[in-house]
Amino acid sequence: MTVSKRIVLHFSKRLADRPIIYRLVKDYNLEFNILKASVTPEKEGLLVLELSGKQEEYDKGIRYLTENGVRIQSLSQNVIRNEERCTHCGACITICPADAFELESLTRRVTFYNERCLACGMCIKACPPRAMEVHF
Ligand code: SF4
Ligand code: SF4
């Protein structure tokens with residue numbers, strides 16, 4: 001059976017120089033499509049991938065990643081903003097790798113473009129009043 005999943009990989013600077021994606025292709029016959037790549041303010045690497053392959057090899061590839069210290073997050077979750085809590089402080093704007101937040105210059109309010117969100121979860125901790133919520 002073939003699977004195709006969208007996942008987020010979080011990895012430390014130490015792993016950034018290692019060919020982890022190359023190994024997924026070569027050793028586990030997986031195909032990938034990079035949807036987004038960025039480095040967080042804490043210098044953590046973040047890669048949003050669509051990863052496909054045979055279920056058995058996909059599972060082995062995921063095990064290889066976790067054994068090498070890569071934190072994997074599924075994108076089968078939904079991040080929403082609790083509008084009543086948001087104070088429009090703007091702390092989320094630079095954190096978001098998908099540019100899902102924009103400051104409207106006239107109103108000084110922060111708009112959240114849900115359709116751009118990759119559900120990486122970075123804004124959840126960064127939001128002072130905890131307005132960003134993850135729903136599974
Ligand atoms: S960090 Fe939180 S409170 Fe501040 S603008 Fe973003 S969602 Fe709103
Ligand atoms: S979870 Fe938050 S930081 Fe991550 S892409 Fe969505 S809005 Fe941006």
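# Notebook: one chain, two ligands

I started at Arg6, which sits in strand S1, residues 2-11. The model is a predicted one, and I kept that in mind for every entry below.

**Arg6.** I looked up the accessibility of Arg6 and found 43% in relative terms, so this residue counts as partly exposed. I then listed its contacts, leaving out residues up to four places away in sequence: Arg6 touches Leu35, Leu49, Glu50, Ser74, Leu75 and Leu118. I also checked Asn33, which is 27 residues from Arg6 along the chain; their C-alpha atoms are separated by 9.2 Å.

**Met1.** I went back to the start of the chain. Met1 belongs to the segment before S1. Its relative accessible area is 74%, over the 50% mark, so Met1 is exposed. What does Met1 contact, once neighbours within four places in sequence are set aside? I found Gly53, Lys54 and Gln55. For Lys54 I took the C-alpha distance to Met1 as well: 5.6 Å, across 53 residues of chain.

**Whole chain.** I stepped back for the overall layout. I counted four helices and eight strands. Reading along the sequence, I noted the order β-α-α-β-β-α-β-β-β-β-α-β. The C-alpha atoms fill a box of roughly 50 × 30 × 20 Å along the principal axes. The chain has 136 residues, and 38% of them count as buried. I took contacts between residues at least 6 apart in sequence and asked what share of them join residues at least 24 apart. The share is 66%.

The accessible surface of the chain comes to about 8300 Å², and carbon and sulfur atoms hold 50% of that.

**Leu15.** Next I looked inside helix H1, residues 13-16, where Leu15 lies. Is Leu15 buried or exposed? Its relative accessibility is 0%, which is under the 20% limit, so I put Leu15 down as buried. Setting aside neighbours within four places in sequence, I found Leu15 in contact with Asn68, Gly69 and Val70. I also took a distance to Arg85, which is 70 residues from Leu15 in sequence: the two are 37 Å apart, C-alpha to C-alpha.

**Backbone check.** I went through phi values next. Most residues other than glycine have a negative phi. I wrote down two residues with positive values.

- Asn29 has a phi near 55° and is not a glycine. I placed Asn29 in the loop between helix H2 (20-28) and strand S2 (31-39). Its relative accessibility of 48% makes Asn29 partly exposed.
- Arg108, also not a glycine, has a positive phi of about 60°. I found Arg108 in the loop between strand S6 (101-104) and strand S7 (109-112). Its relative accessibility is 53%, so Arg108 counts as exposed.

**Asn82.** I looked up one further loop residue. Asn82 is in the loop between strand S5 (78-81) and S6. With a relative accessible area of 22%, Asn82 is partly exposed. Which residues does Asn82 contact, apart from neighbours within four places in sequence? I listed Ala131 and Glu133. Glu133 lies 51 residues from Asn82 along the chain, and I noted 7.1 Å between their C-alpha atoms.

**Ligand 1.** I then turned to the ligands. Ligand 1 is surrounded by 13 residues, and I noted Cys86, Cys89, Gly90, Cys92 and Cys127 as the closest. I sorted the shell around ligand 1 by type: nine nonpolar, three polar and one charged.

**Ligand 2.** How many residues are around ligand 2, and which come nearest? I counted 14, with Cys96, Cys117, Cys120, Gly121 and Cys123 coming nearest. The shell around ligand 2 divides into 13 nonpolar residues, one polar and no charged.

Methods. Residues are numbered from 1 along each chain as its sequence is written. Chains are lettered from A and ligands numbered from 1 in the order in which they are written. This is a predicted model: local features need pLDDT of at least 70, side-chain atom pairs count only at pLDDT 80 or more; totals for chains, interfaces and linings use all residues. Side-chain values use heavy atoms; hydrogens and water are left out. A residue is near a molecule or strand if one of its heavy atoms lies within 4 Å of it. Ala, Val, Leu, Ile, Met, Phe, Trp, Tyr, Cys and Pro count as nonpolar, Asp, Glu, Lys and Arg as charged, and the others, Gly among them, as polar. Buried means under 20% relative accessible area, exposed over 50%, partly exposed in between (1.4 Å probe, protein chains only). Contact means heavy atoms within 4.5 Å. Accessible areas come from the Shrake-Rupley method with a 1.4 Å probe; for residues, only the protein chains shown count as cover.
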